[in-house]
Amino acid sequence: MKIDDVRRTAYSMPLTNPSFPRGPYRFFNREYFIVTYRTDPEALAAVVPEPLEVADAVVKYEFIRMPDSTGFGDYTETGQVIPVRFKGEEGVYVHSMYLDDEGPIAGGRELWGFPKKLASPKIAVESDVLVGTLHYGSVLCASATMGYKHRPVDHDAVLKGMKAPNFMLKIIPHVDGSPWICELVRYYLEDINLKEAWTGPAALGLFPHALADVARLPVREVVSALHFKADLTLGLGTVAFDYMAR
């Protein structure tokens, strides 16, 4: 393989057998279960990087079911996003993500910088309850419940939240282990078709774990819950801030 061939074909590893195809990445019937809760301001200050500013002492704990996505297939993920401001713009910071599929783990980390780790999240309907769980191995790390489709939610309000910018920290070390790429990345969800949206009573429990530290942002009060489905495209990102600007 010639040098020009490497430059032309390189977008992921391994070079000749990548874990995911080139985008765009379209998701069909993507299902969200989100519990918004209050936490300790000090805990948020310890994990949200400057130049982002914490907007409020709340966290959105998300379960996302993706039964049909181009390139990434069928998988489930869960994690925490934190409302933030960047230069006066309202958005969310993606703090943690746990999922059960190698392709989107590799793609998410390499392309955008999603903080993805391998684990076992689940979403299920049990009689009249929507249930979300996260297991890391055999250990339960998160458990969420919500009354199933109790009340409809205004679609415009849900769409406004979905269209807000998402921020995350993309980190790729140099071959000697020192920081090389360290960027605050901004991305958007695009071409959204919101199909349904519901709310209801909810509860959330987060439990300590050495390698899945969702309990680092403890639950002090459940504020609200959302359950909705949509088709959408995961837009590629831009660099909002370069920590290693040379």
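A definition first, since the next point needs it: a polar contact here is a pair of N or O atoms within 3.5 Å, and within protein one of them must be able to donate a hydrogen and the other to accept it. Please keep in mind that this is a predicted model.

With that cut-off, take Asn166. Its side chain reaches the backbone oxygen of Ala164 at 3.3 Å, so the pair falls within the 3.5 Å limit. Asn166 lies in strand β11, which covers residues 166-173. Is Asn166 buried or exposed? Its relative accessibility is 11%, so Asn166 counts as buried, the limit for buried being under 20%. Which residues touch Asn166, once neighbours within four places in sequence are set aside? They are Val92, Val185, Arg186 and Tyr187.

Next, Thr70. This residue is in the loop that runs between β3 (58-69) and β4 (73-86). Thr70 has 32% relative accessibility and therefore counts as partly exposed. Leaving out neighbours within four places in sequence, Thr70 is in contact with Pro24, Tyr25, Arg26 and Phe28. Take Arg26 from that list. Thr70 and Arg26 are 44 residues apart in sequence, yet their C-alpha atoms are 5.4 Å apart in space. The side chain of Thr70 also reaches the backbone nitrogen of Arg26, at 2.8 Å.

Most peptide bonds are trans, and most residues other than glycine have a negative phi. Where does Pro24 lie? Pro24 is in the loop between α1 (3-9) and β1 (25-38). The bond joining Gly23 and Pro24 is cis, with omega at about 10 degrees. There is also a cis peptide bond between Glu50 and Pro51, again with omega of about 10 degrees. Pro51 sits in the loop between α2 (41-45) and β2 (53-54).

On to the phi angles. Asn29 is not a glycine, but its phi is positive, near 55 degrees. Asn29 is found in strand β1. Its relative accessible area is 38%, so Asn29 is partly exposed. Lys149, likewise not a glycine, has a positive phi of about 50 degrees. Lys149 is placed in the loop between β9 (139-147) and β10 (151-152). With a relative accessible area of 26%, Lys149 is partly exposed.

Last, the sheet. In what order do the four strands of the open sheet run? The order is β7-β8-β9-β14, and the pairing is antiparallel. Why is one side of β7 and of β14 left without a neighbour in the sheet? β7 (120-126) and β14 (202-206) stand at the edges and each has a single partner strand, so one side of each has no neighbour there. On average, and ignoring direction, neighbouring strands of this sheet are turned by 10 degrees against each other.

Within the sheet, look at β8 and β9. Strands pair through backbone hydrogen bonds, either parallel or antiparallel. β8, residues 129-136, pairs with β9 in the antiparallel sense over eight bridges. Which residue stands opposite His135? That is Leu140, in β9.

That is the set. I will take questions now.

Definitions and conventions:
Residues numbered from 1 in each chain as written. Predicted model: local features only at pLDDT ≥ 70, side-chain atom pairs only at ≥ 80, totals over all residues. Heavy atoms only, no water. Helix = DSSP H or I, 4+ residues; strand = E, 2+ residues; numbered from the N terminus. Buried < 20%, exposed > 50% of the residue type's maximum accessible area, 1.4 Å probe, protein only. Contact = heavy atoms within 4.5 Å. Pairing = 2+ DSSP bridges. Axes fitted to C-alpha atoms, helices over the stretch in contact; angles between N-to-C directions.
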